[in-house]
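This report describes the structure shown below, one topic at a time. Please keep the sequence and the structure at hand while reading.

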Amino acid sequence: MSEKVRVRFAPSPTGYLHIGGARTALFNWLFARHKKGQFILRIEDTDRERAQPKALDSIIGGLKWLGLDWDEGPFYQSKFIEKHRHFAQVLVEKGKARRIPGKEGGDAVEFLMPPGETRFDDLVHGKIKIDNQELGNFVILRGDQTPTYNLACVVDDAFLSITDVIRGDDHVSNTPKQIALYQALDFSLPRFAHLPLILGADGSRLSKRHGATALDFYQEKGYLPEAVLNYLALLGWSPKDNREKVSVGEIIEKFSLEGVGKKGAIFDSEKLNWMNGTYLAEGNSEKMLEIAAQYLKSIGYIKDEVNPEWLKKVLNLFKTRIKYIAQLKEQADFLFLDEIKIDAGAEEKFLKRDYIPGMFKQLRERLGELEVFEAGEIEEICRGLAKELGVKSGDLIHPARVAVTGRAVSPGLFETMAVMGKEKCVKRLEKQII
RNA sequence: GUCCCCAUCGUCUAGUGGUUAGGACAUCACUCUUUCAAGGUGACGACAUGGGUUCGACUCCCAUUGGGGACGCCA
């Protein structure tokens, strides 16, 4: 058993990389890394009619984003069509396949499923057996002489020396067909593992109608790839030690197909959000900073160069209150925009009091004179003023929050003011005095 | 419909014949507190059903029920 393990992820470029595909890729990758083998990328592009040009970018971009690096490829299946045809011919000559009239002209080739039953030892499910009769003959070469999935897949896997075929549960009924093909062609058989599918909230296979299933979506919303990877790994696999947050390195170390559950798992975006939130809160700042900067630029909150020191402060302010970076758009607008809109309800509740103009006037003056505009100093000013005026701290803090952020909810007022800067604070208080 | 796969809290799961069935998300309290979060503490909440096997079943076997998947000249 010292044979080098070789696995592949073989998506077809018919759409963006979705959660399910990413999970299949992830488990292949984890298996390869754990076994110190090779992870190979092959693009199954033999169906040019359904191919979408953007799909390839999404697939490759998604894999890179998650950090699933491949050792060989990408190989394009369409480059091997001659080889597929050759083996179709071989099968005809061996009498294991026959020509039939093609649906749209030309002769197609049909593989003759041998009688009997096929048994195989699935690496996650255990023994599976299917009556070949149930499957019947199947086309391996179309009338236009292009190969179909089962032929192309078997020939390519054989020539890439794939040792373990790890794919979704939806392929179990293809496996006996492929095993028959391997045997008819005298190729040596790989092992097979079928991963349970990822389900939507209603328990059916995850699809577009379940909402955001594109990996791109999470990338755009500013999720952290390591958090998404962590979550996906725990969907159907467990480190068995009651931990939720597990580093990639540890996952690789502990991963095994035997440990993969047999039951389809429902994709729970709430838990993903929680997971991403904990990664955000614990902050591995460099990457977070980069992701945040990129996002804030994309929505126009940051125009030109980013001040990393300041951005770090912004993130510190919000990192325990957002689940993903895109939530800054709503929650932190007052830090980035010049003009803020005052929330009507908050205004009604906090800014309509008699003492407000007088208090804000004083507050504005004192803050304006502050040399060190930091949370501690600001707090001293605010609490001092409230005491002098004989009002509770909250009676100053809440109105000031509304004046300065436009809303009744924000991170701590003093820290927020400090990050916002003296100029904006003073200007916004001033606006409420008139 | 036929075949295949699956079955522990609402969800993700630990559990491999003897446990008060553990953890996490969500939910709900309480706490902390300048708001909201976060944090802390706690509560709620599961072995689908029926037969076996066994001194003893969540754990093993069978059936039922339920769910999912596959039945393309798509992959």
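## The parallel sheet

In strand 3, Y76 is the bridge partner of I43. Strand 2 (residues 38-43) pairs with strand 3 in the parallel sense, over three bridges; two strands pair if DSSP finds at least two bridges between them. Helices (H or I, at least four residues) and strands (E, at least two) are DSSP runs, numbered from the N terminus. The model is a predicted one: local features need pLDDT of at least 70, side-chain atom pairs count only at pLDDT 80 or more, and totals for chains, interfaces and linings use all residues. Residues are numbered from 1 along each chain as its sequence is written, while chains are lettered from A and ligands numbered from 1 in the order in which they are written.

Three strands make up this open sheet, in the order 1-2-3, with parallel pairing. Strand 1 (6-9) and strand 3 (72-76) are the edge strands, and each pairs on one side only. On average, neighbouring strands of the sheet are turned by 25 degrees against each other, direction ignored. Helix 1 (residues 19-34) packs on the sheet and touches strand 1 and strand 2. The direction of helix 1 makes about 165 degrees with that of strand 1. Axes are lines fitted to C-alpha atoms, for helices over the stretch in contact, and angles run from 0 to 180 degrees between N-to-C directions.

## Two backbone details

Strand 3 is also the place of P74. A cis peptide bond joins G73 and P74, with omega at about 5 degrees.

S161 is found in the loop between helix 5 (149-159) and strand 9 (164-168). Although S161 is not a glycine, it has a positive phi of about 55 degrees.

Another open sheet is formed by three strands in the order 4-5-8, and here the pairing is antiparallel. Its edge strands are strand 4 and strand 8 (138-141), each of which pairs on one side only. From one strand to the next, the twist averages 45 degrees.

Strand 5 (residues 107-111) and strand 8 run antiparallel and are joined by three bridges. E110 has V139 in strand 8 as its bridge partner.

## Helix 16 and helix 20

Two packed helices are described by the angle between their axes and the distance between the axes. For helix 16 (residues 356-369) and helix 20 (residues 422-433), the axes come within 9 Å and cross at roughly 160 degrees. Helix 16 and helix 20 are therefore roughly antiparallel to each other. Angles under 35 degrees count as roughly parallel, over 145 as roughly antiparallel, 65 to 115 as roughly perpendicular and the rest as oblique.

The crossing of helix 16 and helix 20 is left-handed (the near helix is turned anticlockwise from the far one by less than a right angle; clockwise would be right-handed). I356, P357, F360, K361, L363, R364, L367 and G368 in helix 16 meet K422, C425, V426, L429, E430, Q432 and I433 in helix 20. Residues are in contact if their C-beta atoms, placed from the backbone, lie within 7 Å. By class, the residues of the contact of helix 16 with helix 20 are nine nonpolar, two polar and four charged. Ala, Val, Leu, Ile, Met, Phe, Trp, Tyr, Cys and Pro count as nonpolar, Asp, Glu, Lys and Arg as charged, and the others, Gly among them, as polar.

## Helix 11 and helix 12

Helix 11 (residues 285-298) packs against helix 12 (residues 308-318) at an angle of about 95 degrees, and their axes are 10 Å apart. Helix 11 is therefore roughly perpendicular to helix 12. S285, M288, L289, A292 and A293 of helix 11 make the contact with P308, L311, K312 and L315 of helix 12. The residues of this contact divide into seven nonpolar, one polar and one charged.

## The surface near RNA strand B

RNA strand B is surrounded by 61 residues, and the closest are S12, E44, R142, Y149 and R205. A residue is near the strand if its C-beta atom, placed from the backbone, lies within 6 Å of it.

Among the elements that each supply at least two residues of this surface are strand 4 (97-101), strand 7 (126-131), helix 10 (269-282) and helix 18 (393-405). By class, the surface near RNA strand B has 21 nonpolar, 23 polar and 17 charged residues.

Technical notes: Two residues are in contact if their C-beta atoms, placed from the backbone, lie within 7 Å.
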